[in-house]
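I opened the model to take notes on a few local features. The entries follow in the order in which I looked things up.

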Amino acid sequence: MEDTEIIAMYFERQEAAIQETGNKYGAYLNTVAYNILRCFDDTEEVVDDTYMAAWNKIPPTKPNSLKHFLSRITRNLSFDRLDYRNAKKRSGLFVELDECIPDRRSDMELIWEAKEIGRVLNEFLQTLDSKTCAIFLARYYYAYSVKEIAEQYGLPERRVKYLLEKNRNNLRLFFEKEGVMI
Amino acid sequence: MKDLMRCKRLNEAFSYVNDEYLDLVELERKSKTKGNRNKKPLWAVIGPVAACICVLLLPLGVLAAKWFGLWDLLLPAQDRDDMFLTMYDYVSSPEVSAQREWEQFLVGYDRDGSVWSEAKKNGFAPEGREDWLLYGVYSFEMGEKLDQIAEKYGLALHTARKEMTFKELQDQVGGSFIADAVIGDCRVYENGSFHFEGSTELEGCGETTFEFHCTVKGTLDGTIPGWGGNPNGWEEWQYDTACGEYTRLSLGASCAMILTGASDRYLMAYVPIGYDSGITRENLQALADKIDFGILKDMQLPKANSEAPVTSISNETLISLSGYMDSPEAQALVEWQEFLAHYDADHKIADALGNGVFVADDREDWGQYGQVYSYEMGEKLDEIAQKYGLKLHTEINVIDPDELMYRVGGNFIDCDFLTWAYIYEDGYFHVEGDVELADHGTIDFEFVRSVKGTFNDVFLNIGNKEDYTDWQYITSCKEPVLLAMGPDMGLIFADFEECFIYVGVTFENGNGSTKEALQELADRIDFRILKDVNIPDMRGDSEALPEE
């Protein structure tokens with residue numbers, strides 16, 4: 001089913017939209033979540049949460065690319081889940097204090113800041129050739145391991161590490177040049 | 001944990017990466033590697049950017065014929081027996097049309113990766129149709145589609161591919177046909193088609209990467225770039241190169257092409273950036289001037305024989321990175337290589353192992369040598385090591401640059417960038433990096449220190465040794481080194497009582513400054529720190545920072 005049809009179903013509030021989303025992008029979203037969480041149970045829950053989030057956001061949001069719209073949700077939810085998991089390992093004091101901190105995602109200033117950094121990041125990505133850009137995002141957006149990237153792109157692991165390291169360095173310089181403070 | 005919150009903030013920013021860049025992750029992967037993942041040298045992984053653009057912009061490609069106007073662009077027929085070419089001719093050729101259809105199929109196929117996962121798990125070996133594997137096919141459905149497309153356009157499929165060095169390719173085609181460029185390994189097919197990737201300096205654009213394709217007509221190539229960019233923005237013109245050959249040049253927003261050919265072949269240089277990235281007409285013409293299309297139009301096509309080894313490497317082209325030829329380390333390496341050359345010639349043992357990994361529980365040290373995949377090989381390794389009085393490596397750590405400096409005893413090189421390194425228990429290490437040299441820009445280097453008394457299976461193919469000039473040099477830290485300069489490589493060797501050091505750089509030769517550049521690089525290295533080997537503190541791999 002085409003994305004436009006699935007999105008139309010969301011707008012018509014047809015619950016089958018979720019099933020169609022799962023049929024088309026379920027495996028992809030599982031990969032996105034699993035790469036970050038490396039845990040099947042958490043992956044399943046995060047992907048389910050992604051469908052619910054999509055249901056709540058569409059409408060009014062009408063994504064240009066349903067696939068990437070979903071992947072962003074999955075990615076954010078996965079990192080939230082990861083934070084939660086790590087928080088459980090921290091001391092009880094930290095966990096208690098964490099409850100005092102307002103929800104970051106509702107903080108407009110932080111969202112604006114992330115968008116601004118994202119804008120500069122896009123400018124940086126534009127300077128990369130396609131292969132390097134793909135490898136960089138395979139690691140830092142999709143969270144594939146170096147080994148997985150090496151396999152997928154037919155490169156030695158050493159070369160992948162080299163490219164990542166070099167471009168992390170270049171990104172830092174790019175941020176400095178653009179006056180981005182993180 | 002340098003700063004968890006800052007890393008999180010940066011991580012969140014990745015959520016705002018544009019869709020087009022995210023698409024690249026999949027497109028680059030699909031077009032390059034599926035089903036054919038083994039032994040792809042960096043430079044041989046060609047294809048692609050252009051192929052992806054071709055797929056993404058398929059409808060534009062179709063439109064493009066109208067935009068450019070065939071009639072305006074057809075060449076004058078006079079004394080041009082080498083045929084064509086306008087972009088229209090090229091884009092509408094059966095070879096490119098078939099390529100486009102194949103790429104279009106690939107983009108829509110196996111979107112969830114389940115077929116690929118299945119093939120990865122169970123393997124895919126279509127008996128009698130090994131030709132499919134040259135196209136990254138990993139299911140019968142894909143293979144049948146490939147056959148169908150080839151038949152539709154009246155094209156054959158490739159049956160064999162061979163990787164060779166650029167020098168070997170030039171020897172085959174009858175001469176040097178590209179000047180002033182760094183060229184990677186080349187892929188040559190059974191019908192004489194070949195392609196490779198290279199880079200050259202273009203004024204105002206700096207180091208510019210390009211692909212070169214010689215595509216013999218009548219075969220579905222699988223790698224040739226198609227058509228990209230916004231057709232509104234394309235500019236196309238005729239250009240006679242410095243060596244007097246007719247070419248058609250096309251400059252788009254995101255890529256550029258130099259196109260010519262003969263009656264049986266297309267010749268194309270493809271630049272994966274266009275005027276949006278600063279490429280000008282003059283840049284493209286300058287690139288065309290560096291290529292001798294005359295040789296390429298008249299050349300005897302190179303051949304890839306499927307029975308032939310992937311590359312024929314003669315002994316004289318290989319150098320040991322562990323010591324000079326009279327050293328036990330180098331002699332042991334020669335004997336090991338001779339053994340490998342004749343062992344398991346019919347691949348039965350390797351095939352029986354399949355995708356599994358050979359592990360000898362009681363001999364973890366064999367695992368440090370990737371070429372060992374049977375007890376027989378391991379025992380031979382023992383025998384050779386014993387014969388030459390050498391030990392085998394037992395442990396390896398992967399470490400960050402700071403840790404490397406700690407383990408070897410100090411900062412031994414003044415450079416701009418170092419990758420992570422790997423280091424063995426005896427102090428052998430390997431690291432890569434960048435260094436900016438006066439008058440020579442930034443160059444990449446590879447740095448290896450081998451510690452004497454241990455067997456290392458690493459060697460380097462330097463091409464024809466006759467192409468090298470070497471000289472002795474005393475570095476700024478008063479240590480003697482041997483420097484060697486070849487057509488596109490510079491080598492530094494330092495032989496000490498406890499270790500042997502090799503530094504390799506790749507750069508363009510012939511501008512008179514490379515010898516000085518190599519000496520400058522040698523001066524940046526403090527050999528005094530490395531010559532006396534400290535047994536490293538093998539305290540494990542470095543931990544990656546959060547952003548890694």
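In what order do the elements of chain A run from the N terminus on? I read them as α-α-α-α-α-α-α-α-α, and I noted 9 helices and 0 strands for chain A. Helices (H or I, at least four residues) and strands (E, at least two) are DSSP runs, numbered from the N terminus.

Conventions: this is a predicted model, where local features need pLDDT of at least 70 and side-chain atom pairs count only at pLDDT 80 or more, while totals for chains, interfaces and linings use all residues. Residues are numbered from 1 along each chain as its sequence is written, chains are lettered from A and ligands numbered from 1 in the order in which they are written, and side-chain values use heavy atoms, with hydrogens and water left out.

Chain A, totals. I looked up burial and found that 46% of the 182 residues of chain A count as buried (under 20% relative accessible area; exposed is over 50%, partly exposed in between; 1.4 Å probe, protein chains only). In chain A, 61% of the contacts with a separation of 6 or more are between residues 24 or more positions apart; a contact means heavy atoms within 4.5 Å.

Charges over rings. I noted the charged end of Lys67(A) over the ring of Tyr28(A), 4.8 Å from its centre. In chain B, Arg281(B) lies over the face of Trp237(B), 4.1 Å from the ring centre. The rule asks for NZ of Lys or CZ of Arg within 6 Å of the ring centre and within 35 degrees of the ring normal.

Aromatic pairs. Rings of Phe, Tyr and Trp (its six-membered ring) pair if their centres lie within 6.5 Å; planes under 30 degrees apart count as stacked, over 60 as edge-to-face and the rest as tilted. I got 39 aromatic pairs over all chains. One of them, Phe177(B) with Phe196(B), is tilted, at 6.2 Å centre to centre and 45 degrees between the planes. Phe177(B) lies in the loop between helix H10 (166-173) and strand S3 (182-189) of chain B and Phe196(B) in strand S4 (residues 194-202), so the pair ties together parts 19 residues apart in sequence. Both Phe177(B) and Phe196(B) are buried. They belong to one aromatic cluster that also includes Phe212(B) and Phe293(B).

Strand S20 of chain B. How many residues of S20(B) are buried? I found 6 of the 7 in residues 489-495. S20(B) runs antiparallel to S19(B) (residues 480-485), with 4 bridges, and antiparallel to S21(B) (residues 499-506), with 7 bridges; pairing needs at least two DSSP bridges. A hairpin through 3 residues joins S20(B) to S21(B), and Asp495(B) stands opposite Phe500(B).
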